[in-house]
Amino acid sequence: MAEKLLKDLIDAIIKLDIEKATNLTKSMIDKGITAREIILDGIMPGMKAVGEMYERKDYFLSDLLFGAYLSEECFKLLEPLLAKEIKKVPIKGKLVIATVKGDIHDIGKKIFTSLMRAEGFEIYDLGVDISAETIAEKVKEIEAEVLIVGTSALLSTTAPYFKDVHEALEKAGVRDKVLFMTGGPPIVTADEVNADFYTNNAFVGVKRALEYVNKKKQ
Ligand code: B12
């Protein structure tokens with residue numbers, strides 16, 4: 001049943017049918033399908049396909065924009081569920097997060113941020129198109145035993161900028177005090193940009209953040 005509904009959701013996203021997509025999301029929530037499944041096996045493949053249609057010139061930029069709006073509407077329905085799926089906990093650390101300079105994609109960043117908030121992290125979301133220096137300044141300003149820096153990029157032209165963030169953190173003297181995580185499609189590896197970690201799965205990112213918290217506590 002879940003498989004069929006998820007497939008229908010992917011189809012509705014591809015067809016940019018917002019009413020069907022939001023109704024399917026609601027019905028999956030009612031049937032107890034987890035937010036994790038809906039995001040990873042419904043929204044993400046649906047959006048990937050919309051991107052491919054744009055690439056093939058079957059869709060215009062306006063369609064891409066509407067696809068983004070549609071997926072955000074589905075995600076809004078999932079937010080309360082995510083908060084319930086992850087139990088409420090005391091503050092575990094702080095997260096400074098941004099989409100890097102030149103890049104305005106933020107749907108994935110918002111998903112990761114919501115998960116981290118629900119898991120007990122205090123969030124400093126700097127927004128989109130943010131310079132390495134701004135990120136480093138904010139990190140320097142914030143004091144925390146457990147401090148995570150998350151950066152997101154979806155373009156092959158902007159993902160290499162993660163390296164600039166690493167350099168700015170180093171210049172500000174904070175690089176070794178933080179866990180530097182990067183996310184988005186696999187355009188660069190963590191090693192190439194001197195990050196501590198890379199993932200294209202927000203849930204894996206949260207798991208890594210929690211491992212870092214536990215290591216810090218020891
Ligand atoms: C929606 C979208 C847009 C929207 C963005 C709206 C918004 N508010 O985000 C709009 C219409 C504005 C847009 C614009 C553009 N886009 Co666009 N876009 C997409 C699309 C269709 C979906 C992206 C998305 O939201 N996916 C769903 C989310 C949930 O996935 P995700 O971001 O990967 O996030 C997950 C993980 O990566 C992870 N994650 C993400 N960030 C982080 C951070 C951390 C720290 C962690 C731990 C995890 C993590 O968590 C998420 C959940 O697991 C993609 C297609 C695709 N294949 O992805 C193209 C795509 C990324 N866009 C593309 C392009 C070319 C553009 C434009 C240049 C188009 C143009 N001619 O103007 C502009 C660039 C604007 C800019 N300067 O940034 C190309 C990029 C090609 C490339 N390799 O460089 C793609 C791949 C489409 C394509 N196939 O051609 N886009």
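How many residues of domain 1 are in contact with how many residues of domain 2? Ten residues of domain 1 touch seven residues of domain 2, where contact means that the C-beta atoms of two residues, placed from the backbone, lie within 7 Å. This is a predicted model, in which local features need pLDDT of at least 70 and side-chain atom pairs count only at pLDDT 80 or more, while totals for chains, interfaces and linings use all residues. Residue numbers start from 1 along each chain as its sequence is written.

On the side of domain 1 that touches domain 2, helix 3 and helix 4 are the elements that give two or more residues. Helices here are DSSP runs (H or I, at least four residues), strands are too (E, at least two), and both are numbered from the N terminus. Helix 4 supplies the largest share of that side of domain 1, namely seven residues. Sorted by class, that side has six nonpolar residues, one polar and three charged. For these classes, Ala, Val, Leu, Ile, Met, Phe, Trp, Tyr, Cys and Pro are nonpolar, Asp, Glu, Lys and Arg are charged, and the others, Gly among them, are polar.

Next comes the ligand. There are 38 residues around the ligand, and G51, G108, G150, G183 and G205 come nearest; a residue counts as near a molecule or strand if its C-beta atom, placed from the backbone, lies within 6 Å of it. Two or more residues of this shell come from each of helix 3 (35-55), helix 4 (61-85), helix 5 (107-118), strand 3 (147-152), strand 4 (179-183) and helix 8 (202-217). Helix 3 gives the most, with eight residues. Both domain 1 and domain 2 take part, each with at least three residues in the shell. As for class, the shell around the ligand holds 17 nonpolar, 15 polar and six charged residues.

Now for the helix pairs. Two packed helices are described by the angle between their axes and the distance between the axes. Axes are lines fitted to C-alpha atoms, for helices over the stretch in contact, and angles run from 0 to 180 degrees between N-to-C directions. Helix 5 and helix 8 have axes 9 Å apart and pack at an angle of about 40 degrees, which means that helix 5 is oblique to helix 8. Angles under 35 degrees count as roughly parallel, over 145 as roughly antiparallel, 65 to 115 as roughly perpendicular, and the rest as oblique. In this pair, G108, I111, F112, L115 and M116 of helix 5 meet A202, F203, G205, V206 and A209 of helix 8. That contact counts eight nonpolar residues, two polar and no charged. The crossing of helix 5 with helix 8 is right-handed; a crossing gets that label if the near helix is turned clockwise from the far one by less than a right angle, and is left-handed if anticlockwise.

Helix 6 (residues 132-141) and helix 7 (residues 162-171) cross at roughly 40 degrees, and their axes come within 8 Å, so helix 6 is oblique to helix 7. Their crossing is right-handed. In this contact, A132, E133, I135, A136 and V139 of helix 6 meet D164, V165, E167, A168, L169 and K171 of helix 7, and the tally is seven nonpolar, no polar and four charged.

Helix 1 (residues 2-14) and helix 2 (residues 18-30) cross at roughly 160 degrees, with axes that come within 8 Å, so helix 1 is roughly antiparallel to helix 2. The crossing of helix 1 and helix 2 is left-handed.

Definitions and conventions:
Domain bounds come from an automatic or database domain assignment.
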